[in-house]
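Please read the points below with the structure open beside you. They are meant for someone who has not seen it before.

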Amino acid sequence: MDPAQVENAISIAWDHTSSSDLKAQALNFIQQLRSDINTWQILLPLFTKSPSPPDATRHFCLEVVNLAIQSPQLDLASRTYIKDNLWNYVQQYYGGNGENVTDSTHIQNKLTQTLTYLFTTLYASGWESFFDDFLSLAGGAGALGVNNIPATALYLRILGSLHDEIADVIIPRSPEEAKRNTELKDLVRARDAQKVSVSWQEILAKWRQIDLSVVEMCLKAISRWVSWIDISLVVNQTVLAALLEMAGQQGLQEHSSVEVKVRDAAIDTFTETAGKKMRPPEKMELLLFLNLKTVVGQLIASPPLEELRKTPHYDTDLAETVAKLVNNVVRDIVIVLDTPTVDEQTRQRANELLQAFIPYLLRFFSDEYDEVCSTVLDSLTELLNFFRKVVKTGPLPALYAPMLSPILDAIISKMRFDETANWGESDEETDEAEFLELRKRLNILQQYVAAIDELLYMDTLTTLVVNTLSKLGIANVGSLDWRELDLALYEMYLFGDLASRNRGLYQKSAPSSVASERLIQMMRGLMESTVESYPHPAIQLQYMELCVRYGQFFEQNEHLIPKGLEIFVSFAHSHNEKVRLKSWYLFLRFVKLIRGHLGQVSQTIIQAISDLLPIKASLSSSREDGSDDDSAPGGDETRDVTFESQLYLFEAVGCISSTSSIPLQTKILYVRSVMSPIFADMQFHISDAKGGNERALLQMHHDIKALGTLARGYTDWMPGVKTTAPPPSEVSSEFLRAAEAILAALESLRSSSIIRDASRYSFARLVGGCGTGIFPQLPRWIDGMLSQSSSKEEMSFFLRLLEQVVFAFKAEMFNVLDVVLTPLLRKVFERMGEEPTGTDDEIQLQDLQREYLNFILAILNNDLAAVFVSENNQAIFDSLISTIEHFARSPKDIPTSRLSFAVLTKMVLTWGGPDVPLPPQNSANGPTSPTSPTTSAFPPTNPSPQPVFPGFDTFAIKRFSPLSWAIPSNVGFRVKDPASRSMIHDIAFMQEAILKKTGQTYLDELGGELTGMGVNTMEVQKYLGLLMRGAAGGGGGSGSGGQPGSAGKAFREFLVGFLGREG
């Protein structure tokens, strides 16, 4: 192969101007080179030749050489040949004074990687002089970093690469690689670690006289190697003195300068050295020897962290670097203290060092920059967890107790919005979201403090809240910083985690705990203050959140309810959109909490928000609230943030109207006062909607949803689900009017998907308000919502909704279900018979199939099975069974097949009649009969099956039972798949159910069927015996524990093995 051809192919592949066809040919050629183990023989000389080819070519050459070195197919002689050639190249270009080095940084990094791979394969045997060679190349003792800087840099770069390859614990390794790396590290420690350490000391001893980039590389190498070599090779006076000098450099201003990089690298070296895993006594000796207390103290007092802290020139990078050091030291101290077996001297040293580092920890935890604060969160969390363990055996010792209050104060202070924060502005959203996430983490720490010293926590927060609220005099309401007030209200919100624990705020009208009493005092102070008049939106939102969270307070202080409602109404009319829309939601939650205490203020409240109820639909193109964003989930064209929030008001009005203290006629009046304008609006817009006017259609959509939401607010009653009473018949009549109005719109606009969606939404919410009165309308609902335009997804949603109605009303549904079942199922059959047109349609079809089966199962489970065989529905019964059989045979969708067998099993149990007695089980594997399994084993007096309707026993045997073999007989069926295994269990349940209802008839039929499939007599008898045991002990899935459950499990596991022989 011509090397020029390789160069040309690489040039074409990397040239963005190459034609696509030519580039494809070049890439294909390059891939062939990469996959050929012998290509390195051509590419290695291409890399080393002079003049050098382009970097892209040389990089590819080394990549192929790397693959060859790592390949187990390459022999020792070939690796040695590669090593010799590359070492000659390194000597030629990096030897002497390094003046011949022409390799770019990109190529130097790739060459370093290749040399590292050679190290991993030849250091044990073949290149034992690896370190000596590179040290000698760099100038040897006394000349490192002076005579040949490029060679020294290459040596240090290789040290870093070696660590990454054999000692980096983050990179996952195979067991073989882990073993190899362990052996290599042992060899390095035995042979050359001392030499490497001496080279570091030589470089650091003259760090002020040599190239600082070399010093930085040396520090980074030490930081890597310290974790796996003897600590004495790193921690000595030479290294420590240099580190202290470098870390303590003063007057460094330019963050990107090499001096700053060296300083930060020195601090990182301290961090990695201090973090080395060691036994507690040795760890404390190391930390004390490093004199980190002095190091960190000097760094914190340095101008970049002290004098410039409140200025734009504050060195946040240095702050993060030092914070990482503090974090690691404190974490290791806590580990030592948390070790039960540690000796007293070591524990005393750890405690003394902890006392010294707590101020440092809090200094960085309190830093104005969240990135710095987050750096020490782990160690502070570990420290508080340690304190939590200590207090489990008694009070926090006097040694640690003084630490807790400053820690709590720092946590609270850090929860305050930054002085530069501008709440609610769009360009601040990301920063605000990150801060709120930090608040959640800080709250965890705060809860830890509460667990350690509950009284301290309560006293601190109570003082904060009370003092802040006391500043809110009317005269100076605007002088208080919103951040200070927000912090107090937020802490008041969090205080509920303690005050409301387990029992809520009150127990028998008295505070349930000391914390509850404190919080009740705070709430009284809040309601007596003028917080609601504070103009900042964040404060207004916090105020409403507090009222909602502590609704119990208002239940016990009814005289404050009117003020609370008045404030909510005021915020509901706010000019700030965020406050206004969020208040509508919070208003609903508040009203729900206190609905039993509203009394005569109900009418006043409804009138006060009546001006917010008129609905004004706006198309997405004309909205200003951002709800037309194309990235919104699902791309819903009806999505309108304002209207979605407005629905909360309609639900709130329904909730207020249902208050028990309101007379019935007044309730009706309230409901009509809201519905009548909506009826009129629908009447006004329906003509334009019929004509296709988009805004009119959207207005109709909103009106329909508003009616359903009003009903949902009035009552959440559903038969058999909720314990609350259904609405009076007079109120139900009003909601039936709403249902009639929606139906009229639906029948006129059924071709519109948004009208169908809104109708389905409201139907679900009107059922509870209308009760059985909605049943006569059900055929019209089905006809309107399942039109020719309806999607499979819509049909699935509606079937799911009907399942809930069936469950709710059960037997009361029979008559209406008898009327609607056949037309409903015909629509479903028609849609399920359509060929899917794509992946999404295929998914929707599968969902529809499952919802159809779930609907059938819901009818069977709620004692409505007779509806399937009634006079009105007999004509469709065979189609019903055929679809279920079809799904039971389908190997493409195992979940649907499983559901089909569940339906068939339920049909057998429902229509099979009483259980037929089974014969005694004396044999371990079969019936008590010496005859063939197909011969009757029952006494002549054995009763015949008595199905609910004649012939069903034979029907089940002939139609249902053969389905057992349909899917398992498919070539691709794999019994080891969990879903397939579960399906076989479902088949076993069905066979047990059939046997329980038909007895010997089924044994005879099944035995003959198995024999016809080629199963030998002994296996048939075993099959039937286990089936009989399973049916007698818990067929149909019942039975757990004891012999019956074991018998059923034995048959299921047998059937898995039986049907899985070919899987």
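**Notes on selected local features**

1. Lys-827 is partly exposed, its relative accessible area being 22%, where buried means under 20% relative accessible area, exposed over 50% and partly exposed in between, with a 1.4 Å probe and protein chains only. Lys-827 forms a salt bridge with Asp-783, and the closest N and O atoms of the pair are 3.8 Å apart; a salt bridge here is a side-chain nitrogen of Lys or Arg within 4 Å of a carboxyl oxygen of Asp or Glu. This pair links distant parts of the chain, with Lys-827 in helix 37 (residues 814-832) and Asp-783 in helix 35 (residues 778-785), 44 residues apart. Asp-783 counts as partly exposed too, at 34% relative accessibility.

2. The model is predicted, and local features need pLDDT of at least 70, side-chain atom pairs count only at pLDDT 80 or more, while totals for chains, interfaces and linings use all residues. Residues are numbered from 1 along each chain as its sequence is written, and side-chain values use heavy atoms, with hydrogens and water left out. Helices (H or I, at least four residues) and strands (E, at least two) are DSSP runs, numbered from the N terminus.

3. How many salt bridges does the structure hold? There are 54 salt bridges, and one of them joins Glu-63 to Lys-110, with the closest N and O atoms 2.5 Å apart. Glu-63 lies in helix 4 and Lys-110 in helix 6, 47 residues apart, so that the pair links distant parts of the chain. Lys-110 counts as buried, at 10% relative accessibility.

4. The closest N and O atoms of Glu-437 and Lys-440 are 3.9 Å apart. Glu-437 is partly exposed, with a relative accessible area of 44%, whereas Lys-440 is exposed, with 52%. Elsewhere, Arg-416, Glu-419, Asp-481 and Arg-483 are linked in a network of salt bridges.

5. Arg-1052, in helix 45 (residues 1042-1059), is buried yet has no salt bridge, and the nearest side chain of opposite charge, that of Glu-992, is 4.9 Å away. Leaving aside residues up to four places away in sequence, Arg-1052 touches His-985, Ala-988 and Phe-989, contact meaning heavy atoms within 4.5 Å.

6. Most residues other than glycine have a negative phi, and most peptide bonds are trans. Lys-508 has a positive phi near 55° and is found in the loop between strand 1 (506-507) and strand 2 (510-511). Ser-509, placed in the loop between strand 1 and strand 2, has a positive phi of about 70° although it is not a glycine. Lys-508 counts as exposed at 83% relative accessibility, and Ser-509 counts as exposed at 54%.

7. The peptide bond joining Ser-50 and Pro-51 is cis, with omega about 0°. Pro-51 has its place in the loop between helix 3 (40-48) and helix 4 (55-70).

Conventions:
Lys, Arg positive; Asp, Glu negative; His and termini not counted.
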